[in-house]
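Trainee: I'd like to go through this model with you and learn where the labels come from. Could you put it up for us?

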Amino acid sequence: MPLTKIKIHKPAVSIPEALQKRLEDIHHYPLIILQAASGFGKTTVISEYLHQSYAHQVYWYTCMGEPLRKAWNGICKTFAHIDPNAAKKLEALDYPTQENLVDMVAIMRACEVSGDTWLILDNFQCIQGELPQRILHAFSSHGCSELHIVVITQSVDSMEFVGIPTEQAILIQNEAFFFQKKDTDAYFRANEIALSQDELDKLQLLSEGWAAALNLQLIRYLQEGDFEVSDSMDTLIRAVIWNHLEPDAQKFLIAVSFLQRFTVKQAYVLLEKNTLPLGIVRLLGSGSFLRYERENASYTLHSLLQNFLKQELKALPMDTVHKIQKLAADAYAMIGERYYALCGYLEANDLEALLALPLKASDFSLYPEAGSAKMLERVFIECDHSILLRHPQTLSIITFELFRLGRYAAFEKGCLMIGALISNPEKNGLHGEDTRVLIGRLAFLQSFTAFNDIEKMSILHRKAWEVLGGPFSNREDWNDSWTFGQPSVLYLFWSASGALDRALDCMDACLPYYVRLTEGHGTGADCAMRAEAHLMRGNDIAAEVLCHKAIYLANGQKQDCICFAAEMTLLRIALLRGDFESFENIQQNIMERTKNSTEHAVKRMADLALTFVSVLVKESAVPEWLMNLDRITGILYEVAMPFGVLTYLRWLLSQDNPAKVLGIAQGVLPAVERHHFILPQVYFHLLIAIAHHELGHDKEAEAALDCALFLALPDAIYLPFAEYEEVLAPLLKAKEKAAPLTELMVLCKRHRMGVAKIRKSAMYGHLTPREREVAHLAAAGLTNKDIASRLLVSQETVKSTLKCIFQKLGIRSRVQLQALKK
């Protein structure tokens, strides 16, 4: 039976008088921050106040230490109760960053709210440190008068309030939550207890006006008619709660502490029965240390009780701990939280149950890659081979995930185990159909041991299709970014200098087999790769045609990563041509795609694509995570990491830090060479050459440039050199004396002119549409009177508009304006 339907004693809630007065103002604010240490009654107080205010539309999400993406996913699902369309757009942001805060505010401003609506974000300190510093500013700026966001947290940095107008946010802190003696008296009287003056004095001394302590002392007084003298909260919890529980109820609470939140059905799993002990019903139903969230029909334990239970856990025998961990994993598995179930079974050493989980690639998408890798490697280390061999589907999923995470030794071990399983099917309990399916899956997995040799991979893809007679598996089990979260196909599959045309032809011939095998995964990649190669050679028209073909094909199969690859090439074409309008439109298309994509990590792919190109123009902000090398290497898959580092170094070069560029590029290059990534090798050698040149190391610069030319020229790859012609010009001219670089130098000139046009036009991008119109007419030589007549405005309006234009562009006259337009 749900706890809410069981009749129990629930102590009345009393709000301190000073706090009550502060709360009476909160209806006027878009953002309310309640900040105090654990146990000050923040959650209880806001819940009670909104109940007293007859607020019916209250939606609650409690952060419980889950990864940021998981928490944001939960917040968005809660927001779906307010506005489903807005929630979907918020979820598409991946999670809040400094760069998308404006988008977040715009989405919330457009949300449809009917009547006063309250979104409570509890335990916000659990994710606060991972969010942009101005997240509270963004929450306060949503502009929806009927939406109130309440942030409950244990800490707030004063810098987080910089710039927030006083009418947009109210901060209620520690001191407001303390119970004065008169508040304590009122609290006990509300619970039909009249304390003497001596009892009040004693209670105030014991509790120090702390809400959690008062709540426990109230329970103690109801039990014993006196107060518990205690020197710590743990001691008080033990005396008032723990010692009054039956062993089953104690075991239940410890098991619950393994879960971030739990439903009644999960509680039955933990108890291994379909009823709850009366003692635990009374405790949890009282609301003192457990809160019910109706949005997801689940309960969360108070952090004070959580901390107490962690200490109790340490005193238990390991066998008992493992049994409880196993029950907690069962509880996670029953609601489809397979990642947490996997972790629980691993800690409980129940590898059979772990491998029986119906794992999918998407089960790992919301969690840190580094943690997943260590956990999956432990499965192979700790699990008996006989158990692994009984679960070939799960073994296949784990093996593939280990490849994506760059754990190649463990990946090969997984392939070997599947091979051993197939080699003796009868002994391993495989029937004919099972064996056939497993042979096909192994062929697919083994194709990645030949990554990025297209021909060798394709031989195994064809074998898999031949054996399976159909698709490899349910696409939903495996579908994720075909480009491993970075936006270039050429980056991945140009694997030998002088052999690019052969690689392109192989991709054309081989990709259809892979696409058929995976039911559309990677559709359009052949067109995207050839388009990028054409552009690298200066053939922008052929590149443009193939980009649009790639986008059309990829859209049909929801392959957003391929669309990003093609759109990045289109962005570079616009830059080469100096076509500012197209440059802006393509950037907008990329950002729009992130809002509707179903692929994991689309926001990161968009950031990589946009930043890789825009750093050459120096006209847009770089995402915060791409300015932090540790975050780049911690977030991206192994094969995508060099692209992330390369993007970081392109930005770092624009910050005039050649020594750092040189050191990092030299450090990364060996790993890039091991992967046979030729395009990144060209770029890293170029960056090394530029860094040496700027540091005055002429011989080293020349040698690094020679390496880049040696790799690129056999395949007529010129664009990387054109992108850095400004810096490389002296070195390239010296090389041209020894051997003609005609086509390369022609592309250098085109690119230089295109970038100059984009940079010039980007200055106008800071103007409003009307300001751009006035600037265009003024630069064309029209007088204020002529402009006013053309635009149907007054001459005074034209004059004031021109003044704003001059200020924004940093100029003083029409002559300078005309010079900018040339």
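Trainee: What do the buried residues of helix 2 pack against?

Mentor: This is a predicted model, by the way, so every value here is computed. The buried residues of helix 2 pack against helix 1 (17-23), strand 1 (31-35), strand 2 (57-62), strand 3 (117-122), strand 4 (147-153) and helix 8 (174-177). The buried ones in helix 2 (residues 42-52) are Lys42, Val45, Ile46, Glu48, Tyr49 and Leu50. As for orientation, helix 2 lies across strands 1, 2, 3 and 4, and runs at about 155 degrees to strand 4.

Trainee: What makes those strands part of an open sheet, and in what order do they come?

Mentor: Five strands form the open sheet, in the order 2-3-4-1-5, with parallel pairing. Strand 2 and strand 5 (169-172) are the edge strands, since each pairs on one side only. On average, neighbouring strands are turned by 15 degrees against each other, ignoring direction.

Trainee: How do you know that strand 2 and strand 3 pair?

Mentor: Pairing calls for at least two bridges. Strands 2 and 3 have six, in the parallel sense, so by that cut-off they pair. One of the bridges has Tyr59 with Leu119 in strand 3 as its partner.

Trainee: And how do you know which strands pair with strand 4?

Mentor: Same test. Five bridges join strand 1 to strand 4, running parallel, and Leu34 stands opposite Ile152 in strand 4. Five bridges also join strand 3 to strand 4, again parallel, and there Leu121 has Val151 as its bridge partner in strand 4. The cut-off is at least two bridges, so both pairs qualify.

Trainee: Why is strand 4 called largely enclosed?

Mentor: Because seven of its seven residues are buried, strand 4 is largely enclosed by the rest of the structure. Both faces are covered: Leu147, Ile149, Val151 and Thr153 are buried on one side, and His148, Val150 and Ile152 on the other.

Trainee: What about His391: why does it get its label, buried or exposed?

Mentor: His391 has a relative accessible area of 16%, so it is buried. You'll find His391 in the loop between helix 21 (385-389) and helix 22 (392-404). Not counting residues up to four places away in sequence, it touches Glu352, Leu355 and Ala356.

Trainee: Why is Glu224 called partly exposed?

Mentor: That label covers values between 20% and 50%. Glu224 has 46% relative accessibility, so it counts as partly exposed. Glu224 lies in helix 11 (residues 211-224).

Trainee: What makes Lys558 and Asp656 worth a look?

Mentor: Most residues other than glycine have a negative phi. Lys558 has a positive phi near 55 degrees, and so does Asp656, also near 55 degrees. Lys558 is in the loop between helix 30 (540-556) and helix 31, while Asp656 is in the loop between helix 35 (641-654) and helix 36 (658-674).

Trainee: Why is each of them called buried or exposed?

Mentor: Exposed means over 50%. Lys558 has 56% relative accessibility, so it counts as exposed. Asp656 has 65%, so it is exposed too.

Trainee: How do you know that the peptide bond from Phe451 to Asn452 is cis or trans?

Mentor: Look at omega: it is near 5 degrees, and the bond is cis. Asn452 lies in the loop between helix 24 (432-446) and helix 25.

Trainee: Last one: how many cavities are there, and what lines the largest?

Mentor: There are seven cavities of 30 Å³ or more.

Technical notes:
Residues are numbered from 1 along each chain as its sequence is written. This is a predicted model: local features need pLDDT of at least 70, side-chain atom pairs count only at pLDDT 80 or more; totals for chains, interfaces and linings use all residues. Side-chain values use heavy atoms; hydrogens and water are left out. Buried means under 20% relative accessible area, exposed over 50%, partly exposed in between (1.4 Å probe, protein chains only). Helices (H or I, at least four residues) and strands (E, at least two) are DSSP runs, numbered from the N terminus. Contact means heavy atoms within 4.5 Å. Axes are lines fitted to C-alpha atoms, for helices over the stretch in contact, and angles run from 0 to 180 degrees between N-to-C directions. On a 1 Å grid over the protein atoms alone, a cavity is a set of points where a 1.4 Å probe fits but cannot get out, and a pocket is an open set with protein on both sides within 12 Å along at least five of seven lines; lining residues have an atom within 4 Å of a point. Grid points are joined across faces, edges and corners, and a volume is the space filled by probe spheres set on the points.
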